[in-house]
Amino acid sequence: MEQRGTLRTRLRIRLFLNRHGVAARAECAINRRSYVMMRAGGCLCGGVRFETKGKLNPPIACHCSQCARTSGNFAVMSSCHSEDLTLTSAETLAWFQSSENVQRGFCQRCGGNIFWKMQSGSETYVAAGTLDQPTGLKLAGHIFVGSKSDFYELTDDLPQKQEW
Ligand SMILES: [Zn+2]
Ligand SMILES: [Zn+2]
């Protein structure tokens with residue numbers, strides 16, 4: 001059943017519902033600012049699709065050698081509480097144990113680098129490039145800059161950390 005549409009509230013905030021009837025975006029009718037409340041994303045072939053509700057933290061660019069080898073470049077990852085992440089398709093999702101306590105989720109059909117999580121942690125990192133647009137997110141900084149490859153330079157003014 002299609003429930004796509006809008007709702008008006010007393011706060012003059014308009015909620016935009018997605019095709020599942022979930023409030024995906026809110027827009028303030030006064031200043032026209034838009035707030036993303038739910039996001040969806042997936043890999044290139046669509047074998048892995050996911051949704052996140054609640055807060056997605058500002059993405060961080062990781063320049064470590066493991067992210068380079070799985071992504072082909074630095075990886076930009078945004079984290080959320082693992083319970084706020086729902087897999088809507090996990091048909092081709094596979095996990096690779098890249099460190100003792102770390103697993104990386106990828107698509108075994110198209111090769112997309114999608115998730116990163118510590119087995120002991122309560123958060124999952126999502127590759128920001130796999131999110132459907134608009135993401136409403138802004139890059140917050142760089143980590144593991146000491147491991148970055150030599151073929152590019154960091155030219156923005158965002159905070160840099162040698163490790164995490
Ligand atoms: Zn795929
Ligand atoms: Zn990394």
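Trainee: How many helices and strands does the secondary structure of the protein come to?
Mentor: This is a predicted model, in which local features need pLDDT of at least 70, side-chain atom pairs count only at pLDDT 80 or more, and totals for chains, interfaces and linings use all residues. Residues are numbered from 1 along each chain as its sequence is written, while chains are lettered from A and ligands numbered from 1 in the order in which they are written. Helices (H or I, at least four residues) and strands (E, at least two) are DSSP runs, numbered from the N terminus. Counted in this way, the protein has one helix and 14 strands.

Trainee: Is strand β8 mostly covered or mostly exposed, and how many of its residues are buried?
Mentor: A residue is buried if 20 or more other C-beta atoms lie within 10 Å of its own, exposed if 12 or fewer, and partly exposed in between, with C-beta atoms placed from the backbone. Of the 164 residues of the protein, 27% count as buried. Strand β8 (residues 75-81) is mostly covered, and its buried residues number five of seven.

Trainee: Which residue of β13 stands opposite Met 77?
Mentor: Two strands pair if DSSP finds at least two bridges between them. β8 pairs antiparallel with strand β7 (residues 60-62) over three bridges, and Cys 62 stands opposite Ala 75 there. With strand β13 (residues 123-127), β8 pairs in the antiparallel sense over five bridges. In that pairing, the residue opposite Met 77 is Ala 127.

Trainee: Which residues touch the most other members of the largest nonpolar core?
Mentor: A nonpolar core is a set of buried Ala, Val, Leu, Ile, Met, Phe, Trp, Tyr and Cys residues joined through C-beta atoms within 7 Å. The largest one holds 25 residues, and those touching the most other members are Cys 62, Ala 75, Met 77, Ile 114, Val 126 and Ala 127.

Trainee: Why is one side of β5 and of β9 left without a neighbour in the sheet?
Mentor: Three strands form an open antiparallel sheet in the order β5-β6-β9. β6 and β9 are joined by five bridges, with Glu 51 opposite Thr 86 in β9. One side of β5 (38-42) and of β9 lacks a neighbour in the sheet because each stands at an edge, with a single partner strand.

Trainee: What value is phi of Phe 144 near?
Mentor: Phe 144 is found in the segment after β14. Phe 144 is buried, with 21 other C-beta atoms within 10 Å. Its phi is positive, in a residue other than glycine, and is near 55°.

Trainee: Which residue does a cis peptide bond join to Gln 133?
Mentor: The residue in question is found in the loop between β13 and β14 (141-143). Omega is about 0° for the bond, and the partner of Gln 133 is Pro 134.
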